[in-house]
Amino acid sequence: MKQILDPSQAISALERISDGVICLNLQGEITYINKAVFHLFGLKEEDQEQLFQKECFKEIKYNMMQAINQMSEIHFEVQCSVKWIEVDVYPASDGITVLFSDWTSRKKVERTIAEKQEKLILLSEATSHLFSKKEPKEILDALFKELAEYLDLNVYFNYIYEPSRNNLRLMNYSGIPKQTAEEIQWLNFGEAVCGCVARDCERIVVYDIDRSDDVRVQLVKGFGIKAYACHPLISYGKLIGTLSFGSSKRSSFSDAELELLYTICNQVASTLDRAFLIAELTLKKEEAEKANRSKTEFISMISHELRTPLNSIIGFSQILEGDSRDPLSIGQKEKVQKVLKASRHLLALFNGIINTIKLDTNHLPLNREYINMETVVLECMKMITPIADSKDMKITNLIEETPPLKTDATKVTQVMLNLLENAVKYTQEKGQITLSAQLENNHLKVVISDSGIGIPVEELEKIFAPFYRIFNDELNIEGAGMGLAIVKQLVYQIGGKVGAYSVPGKGSSFWFTLPMEEDDK
Ligand code: ADP
């Protein structure tokens, strides 16, 4: 039943509450003000005049006017010196009532929560950089160090699922002696907290462990742990293991802290998964490399072995072809020439295979010495001129006065020779070859240009691949497709680059660069 208060009772009730109340008529004159208002604003009752002079009252007065004009309630907060006050303005036809409530302590709590939240965000950001580290142990130890300080943690255990044994192995931990760790190295599914988490793939959080009889927590209880949170580590739906944190100083964790641990555990799960995958791939790569080495050795051995009988086939075929005492018939000669052609091609292929394998496997140290490109070029010219002469070709050498280079002379000579041989091979009789050099970005760029058959643009990249040849039926030029692959390898080893440009039917230019200054390694 609704009780009707008489005005004096109502007023005495308003005098007892801690919220301030002010009633004003439409002329803005105070019709009632309770004691709490003075208390809230730190004034004495006789100082009523000063109340409206307070800075914070500017905003209060403005909002009171707004409430009257709009005839609608207004709620807002004002800060008055150290206090936070919530103000509710209720307009009516005969005046307005204003309520003041002290929100200071509530504001403090809000601020503390916000600060904590901010700290957690900072911490979660700070820990994320740790995941760039390589070793899982390193990551977890560093992570725990940061978390322990903030969350008052004493221990962490990281169990890893061992599929071969179908149980869990303690891989990383902190806060317990080594000997204890050895004792709890293996855990079965369903055993202790971590075993249950792994079995059910569900987080377990236990508080007040010191007072708990739960059998699952007896192990950590023995370490003096009071609050314990254990998370399953799951990556792409696959169980990796568990990660748990415990504190002997506190008996629970807040929701925000548990959220942080959850986020971190998710990151740890994918980092560990990645680390294990990398370790597995590295092992597989090593195995594959080992198998590849054996295969390479086998191919190399076979090529060597086959060269010997092939050389005797070539030798005896040559004897047959040129035997003047017992000459072959024209038909026999043609057949022997075919044998010779095929055998020489095969020999070139074997030599190519052996050379590439040598380059790939014998990572011989660079034999660097000061050389002059002119000298190298002159040496190569001596070797190539007789072949060029046989095709009535002209070689113009424009390379002179180049600065001395510290490089591997044998490798540079081989590169130069291969490119010169090709220039002669792929240029028709009476053709032109020009050698030039220039300095470019601290490198010496050597260019071998010919007026030969040229190379289609789409083939320019491919010709440096091992055994790649451009098929040309009409010219029928022999080769194994290894010359340029060897050039590329050698130039790369001496720290340079190689390339080519060409106009089909007009000629080609092959270039390679040599660094002017190489650090002695
Ligand atoms: P090979 O000469 O034994 O075929 P290379 O690796 O030296 O092997 O060359 C690969 C291919 O590049 C050749 O088959 C040829 O088609 C093309 N090539 C190389 N040098 C030239 C050149 N100077 N002019 C035209 N084509 C060339």
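1. Two strands are taken to pair if DSSP finds at least two bridges between them. The model is predicted. On that criterion, strand β4 (residues 83-92) pairs with β5 in the antiparallel sense, over 8 bridges. The two strands form a hairpin, with 2 residues between β4 and β5. Within this pairing, V89 has V98 of β5 as its bridge partner.

2. Strand β5 (residues 95-102) also pairs with strand β1 (residues 20-25), in the antiparallel sense and over 6 bridges. Here the bridge partner of I22 in β5 is V98.

3. An open sheet is built from 6 strands in the order β8-β7-β6-β11-β10-β9, and its pairing is antiparallel. At the edges stand β8 (186-187) and β9 (204-206); each has a single partner strand, so one side of each is left without a neighbour in the sheet. Inside the order, β6 and strand β7 (residues 167-174) are joined in the antiparallel sense by 7 bridges. One of the residue pairs concerned is F157 with its bridge partner in β7, Y173.

4. Helix α8 (residues 192-200) lies across β6, β7, β8, β9, β10 (227-235) and β11, and runs at about 35° to β10. Helix α10 packs on the sheet as well, touching β6, β7, β9, β10 and β11, and its direction makes about 40° with that of β10.

5. Which residues bring α6 and α10 together? From α6, P136, I139, L140, L143, L147 and L151 meet E257, L260, L261, I264, V268, T271, L272 and A275 of α10. By class, the residues of this contact divide into 12 nonpolar, 1 polar and 1 charged. The axes of helix α6 (residues 136-151) and helix α10 (residues 255-322) come within 11 Å and cross at roughly 175°. Angles over 145 degrees count as roughly antiparallel, and α6 and α10 are therefore roughly antiparallel to each other.

6. A further open sheet has 5 strands in the order β13-β15-β16-β18-β17, with mixed pairing. Its edge strands, β13 (394-397) and β17 (498-503), each pair on one side only. On average, neighbouring strands of this sheet are turned by 15° against each other, direction ignored. At one end of the order, β17 and strand β18 (residues 507-515) pair in the antiparallel sense over 6 bridges, and V503 has G507 in β18 as its bridge partner. Helix α12 (residues 373-390) lies across β13, β15 (432-440), β16 (443-450) and β18, running at about 175° to β13.

7. How many cavities of 30 Å³ or more does the structure hold? There is 1 such cavity. The volume of the largest cavity is about 70 Å³. Its lining consists of F157, Y159, I184, L187, A192, V193, C194, R216, L219, V220, F223 and Y228. The elements giving two or more residues to this lining are β6, α8 and α9 (218-221), and α8 gives the most, with 3 residues. By class, the lining of the largest cavity has 11 nonpolar, no polar and 1 charged residues.

8. The elements that give two or more residues to the lining are β6 (155-162), β11 (238-247) and α10. Of these, α10 gives the most, with 6 residues. The lining of the second largest pocket divides into 8 nonpolar, no polar and 5 charged residues.

How values were computed
Residues are numbered from 1 along each chain as its sequence is written. This is a predicted model: local features need pLDDT of at least 70, side-chain atom pairs count only at pLDDT 80 or more; totals for chains, interfaces and linings use all residues. Side-chain values use heavy atoms; hydrogens and water are left out. Axes are lines fitted to C-alpha atoms, for helices over the stretch in contact, and angles run from 0 to 180 degrees between N-to-C directions. Helices (H or I, at least four residues) and strands (E, at least two) are DSSP runs, numbered from the N terminus. Angles under 35 degrees count as roughly parallel, over 145 as roughly antiparallel, 65 to 115 as roughly perpendicular and the rest as oblique. Contact means heavy atoms within 4.5 Å. Ala, Val, Leu, Ile, Met, Phe, Trp, Tyr, Cys and Pro count as nonpolar, Asp, Glu, Lys and Arg as charged, and the others, Gly among them, as polar. On a 1 Å grid over the protein atoms alone, a cavity is a set of points where a 1.4 Å probe fits but cannot get out, and a pocket is an open set with protein on both sides within 12 Å along at least five of seven lines; lining residues have an atom within 4 Å of a point. Grid points are joined across faces, edges and corners, and a volume is the space filled by probe spheres set on the points.
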